[in-house]
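Dear colleague,

Please find below the sequence and structure that I am handing over to you.

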Amino acid sequence: MVRGRDVSSYRNRHGKISQNVLAACNFDLEFIYVLSGWEGSAHDSKLLNDALSRRNGLKVPQGKYFLVDCGFPNRRQFLAPFRGVRYHLQDFAGHGNDPQNENELFNLRHASLRNVIERIFGIFKSRFTIFKSAPPFPFKTQAELVLACVALHNFLRKECRSDEFPIEPVNESSSSSVLPVNEEENLEPIVQTQEQQRENANAWRATIALDMWRNAT
């Protein structure tokens, strides 16, 4: 329920009124950070920038990094897949679809690990079906509803591990199988603007990919 001048900013790329939610999770299918309430048209990099700038915002442990999707620029603390290279798990399924080079192998393993965020949202939507119906609450209530349900989800994961929900299938057909090459040019920087940082992060990623390929072949 958004009215007046705010309607256009909350309209997402599918033409629907929505909020954009940034979430990070661990491999135990627990949310470790959630930021809700951003406009549906807001770019993912803006949400991440906001999360990092908050006093109690997203923190990256020393020596660690998050796996992120192609909506984020590649950084040392936020490892993104290669662009212009097939990525989704379904792209590598079946005979003859094995990775052909180090970049494809990197993307396959990146997607395999990052699939946990798809799984947690599948469980989340199956458990809290209220998010499928877009109930007519004020937007502030909608944003707080996300956080309340996230807290409940984590409680159930910790205290009721036998309470499993079937995972809702993730529809990957809405995004391209090959990541766009030029999308990063329009992204705003997250922490610092030095081009050297981006070059160093890309070189770091390339080294990881090459090491993977050498070990696999």
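In this predicted model, the charged end of Arg205 sits over the ring of Phe82, at 4.4 Å from the ring centre.

I then turned to pairs formed between aromatic rings. With centres required to lie within 6.5 Å, the count is eight aromatic pairs. One of them joins Phe31 and Phe121: the ring centres are 5.8 Å apart and the planes stand at 70 degrees, so this pair is edge-to-face, given that angles over 60 degrees are classed that way. Phe31 belongs to strand E2 (residues 31–39), while Phe121 belongs to helix H2 (residues 102–127); the pair therefore ties together parts that are 90 residues apart in sequence.

The two partners also fall into separate burial classes. Phe31 has 6% relative accessibility and counts as buried, whereas Phe121, at 28%, counts as partly exposed.

Phe121 has a further ring partner in Phe124. Their centres are 6.4 Å apart and their planes are at 90 degrees, so this pair too is edge-to-face. Both residues lie in helix H2, and because they are three residues apart there, about one helical turn separates them. Phe124 counts as buried, with a relative accessibility of 5%.

With kind regards

Conventions
Residues numbered from 1 in each chain as written. Predicted model: local features only at pLDDT ≥ 70, side-chain atom pairs only at ≥ 80, totals over all residues. Heavy atoms only, no water. Phe/Tyr/Trp six-rings, centres within 6.5 Å; stacked < 30°, edge-to-face > 60°. Helix = DSSP H or I, 4+ residues; strand = E, 2+ residues; numbered from the N terminus. Buried < 20%, exposed > 50% of the residue type's maximum accessible area, 1.4 Å probe, protein only. Lys NZ or Arg CZ within 6 Å of the ring centre and 35° of its normal.
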